[in-house]
Amino acid sequence: MNQLFEFIPKTKIAYGVERYLQIGKDVKTMSEDTKAVLITDKGIVDIGLADLVVSALERESIDVKVFSDVQSDPTAASIDEAANVIRQFGAKCVIGLGGGSAMDVAKMAALIAGGEKGAMYYALMANPFPEKQVKSIMIPTTSGTGAEVTSTVVFSDEYKRKVWGWDEKMAPDLAIVDPTFTVALPRFLTAATTLDALVHAIEACAGKRSNPFIEAFSLQAIQLIGENFEKVLQTPNDLEARGKLALAATLAGMAIEQGGTGIAHCIGHALGTIGRVHHGRAVAIALNAVYSWNIETAIDIHGKIAQCLGVNDQGLSKKELALAGAKEFSRLVEISGLKQSLEDDGLSLHDVDRFVETMLSPENEPMRLNNCRLATKKDLRQFAEQILSTNKEVSHQA
């Protein structure tokens, strides 16, 4: 192998059932302070998960301020508000509790709290972030986004355009991966976030920046999802299977932290912009549409992916094995129960031009260029027409 690369994990990971009970000690050790801001969303507050964390902190005499004004697909305004809370409270530690939205707000708010500018000042790397002055701890309540170990955040501007922020200092200092917090996840979110993790792993190891380390993390994540996704859908309280999905999501997060994502995320982010489609569902729909097209230039790695998904390779050629993986991915999307039709989201073939334009926008270009096969504007138009078509049977013809 002649490729030059580095692999630098930036986040300490602590795994275990009820590991969250030690969070008060974590705050003291990391920040050398007794103040923390807990950033979460109202849904997490309503089901009592925020109270569990607050109680664990208070048992260690940590003074806690809760910020819960976070919605799915967070806004720059929400990040700015959270940063102001951190500054005013004088906290040296921020805890993100929830899915990718809450964790993204927590990560970016913790970083920009050290400066005076708002989130949009740093969007798309327009300006350097301030030095990190606040430690960050993430507790994921979904098994999908991997935001607990990444240094990238995704948020929307005032025009609902999805943008991103990146800085290596944005990576959390500690990720507490505790399956206890994923058991209450509704079926839709279990399905959507797990498929998000699966797409992360597939795109990271098939992408142009892949290397043996990324491949190892990705393939392990794919295998854990392949073995446990249906178990969790059928038996939501299976804590062991939930734990394996949680680990898979973190592994996939570590893979995209180093290897990035690809065309499914380019398409998925565009769907989020034009139709506010839930991210996990959007990228699952997207990869389902392009999977076989991707295989044409990356047969070997897609064969490995197929094996990790549980495909029996006996008697199959390399390409047949890779295509069988595409069918298995499609089956997982089907059993997830996620709607592939976007009609209820207000999208149709009338939106093709806007869809393609958004896929080609600067904020989505890095994902398109990192894909294992380069998509031209003509390709993107074909994908858009396929995804928005009233005929929702997704073809796996290359």
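Does M125 count as buried, exposed or partly exposed, and at what relative accessibility? The answer is in point 5, after a look at the whole chain.

1. Ground rules. This is a predicted model, in which local features need pLDDT of at least 70 and side-chain atom pairs count only at pLDDT 80 or more, while totals for chains, interfaces and linings use all residues. Residues are numbered from 1 along each chain as its sequence is written, and side-chain values use heavy atoms, with hydrogens and water left out.

2. Overall build. The protein chain holds 15 helices and eight strands; these are DSSP runs numbered from the N terminus, with helices being H or I of at least four residues and strands E of at least two. Along the principal axes, the C-alpha atoms fill a box of roughly 60 × 45 × 40 Å.

3. Of the 398 residues, 59% are buried (under 20% relative accessible area; exposed is over 50%, partly exposed in between, with a 1.4 Å probe and protein chains only). Taking contacts (heavy atoms within 4.5 Å) between residues at least 6 apart in sequence, 79% join residues at least 24 apart.

4. Helix α5 covers residues 100-112, and its 13 residues reach 18 Å from first C-alpha to last, close to the 18 Å expected at 1.5 Å a residue; the expected span is 1.5 Å times one less than the number of residues. This helix is mostly covered, with 13 of its 13 residues buried. D73, in the loop between β3 (63-67) and α4 (76-89), is buried because its relative accessible area is 11%. Leaving aside residues up to four places away in sequence, D73 touches S101, S156, K162, R276 and V277.

5. L124 and M125. L124 counts as partly exposed because its relative accessibility is 28%. As for the opening question, M125 counts as partly exposed, at 48% relative accessibility.
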